[in-house]
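Have the structure open as you read along.

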Amino acid sequence: AGVSIGEDGAVEMALEDIAMFRSVPSSTVFYPCDAVSTECSIELAAQTNGITFTRTTRCATPVIYKNDEIFKVGKGKLLHSSDDDQVTVVGAGVTIHEAVMAYETLKSMGICIRVIDPFTIKPIDKELLVSSVMKTNGRIIIVEDHRPEGGLGEAVISALTEERRTLEVIRLAVREIPRSGPGPALMDLYGISSRSIVEAVKKLLA
């Protein structure tokens, strides 16, 4: 799902799917980012009571996790972190890979960010989000291949506003009806690419 599917166009992109399934009582929403986490999400979905929804990515993406990585419902992964982190970046699925590329670019500029893969959007790992944002002085960027309404961004903000009042937030999401085209080009066009993340980090730190 998402603009990353590319040439099939808006009718195939399902940019509201996470919002729909998050709103279902007792639902569990998985959003894996690679082959390993996808396999684990299907195994966990089969063991989970109630409605489950797993959003996958069509385009080929690098494998991030080792085959023996352990995943749990409601527990995210901290992919990059250091004591010098200035901004927390939360992606999901395909945008995790964009966040990792942005991490490498920013690192070469002497800017440190931490990258979070939530794995499940519902329930979301509130503890990991809160602890990370506290270490980056309330600065957070959320990037999703989805509408801004009801998706990853709103799930993250809902978790954080219960615990911390002062936040500096930039939300990157698909805010137009997208056209057809190559997936990477569309992600850049609609502001959810690694380049967009780098620009957002610079804006927060300006």
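In this predicted model, S27 sits in the loop between α1 (17–22) and β1 (28–30). Is S27 buried or exposed? With a relative accessible area of 4%, S27 is buried, since the cut-off for buried is under 20%. A polar atom of the S27 side chain lies 2.8 Å from the backbone oxygen of V24. Leaving aside neighbours within four places in sequence, S27 also touches F21, R22, I51 and K122.

Now to the helices. How do α4 and α5 pack? Helix α4 (residues 126–135) and helix α5 (residues 152–161) have their axes 9 Å apart, at an angle of about 75 degrees. The two are therefore roughly perpendicular to each other. On the α4 side, the contact is made by K126, L129, V130 and V133, while α5 brings V156, A159 and L160. By type, these contact residues divide into six nonpolar, no polar and one charged.

A look at α4 itself shows that L128, L129, V130, S132 and V133 are buried. The partners that these buried residues pack against include the strands below, and α5 is one of the partners too.

| Strand packed against buried residues of α4 | Residues |
|---|---|
| β3 | 77–80 |
| β4 | 87–90 |
| β5 | 113–117 |
| β7 | 139–143 |

Definitions and conventions: Residues are numbered from 1 along each chain as its sequence is written. This is a predicted model: local features need pLDDT of at least 70, side-chain atom pairs count only at pLDDT 80 or more; totals for chains, interfaces and linings use all residues. Side-chain values use heavy atoms; hydrogens and water are left out. Axes are lines fitted to C-alpha atoms, for helices over the stretch in contact, and angles run from 0 to 180 degrees between N-to-C directions. Helices (H or I, at least four residues) and strands (E, at least two) are DSSP runs, numbered from the N terminus. Angles under 35 degrees count as roughly parallel, over 145 as roughly antiparallel, 65 to 115 as roughly perpendicular and the rest as oblique. Contact means heavy atoms within 4.5 Å. Ala, Val, Leu, Ile, Met, Phe, Trp, Tyr, Cys and Pro count as nonpolar, Asp, Glu, Lys and Arg as charged, and the others, Gly among them, as polar. Buried means under 20% relative accessible area, exposed over 50%, partly exposed in between (1.4 Å probe, protein chains only). A polar contact is a pair of N or O atoms within 3.5 Å; within protein, one must be able to donate a hydrogen and the other to accept it, and residues adjacent in sequence count only if both atoms are side-chain atoms.
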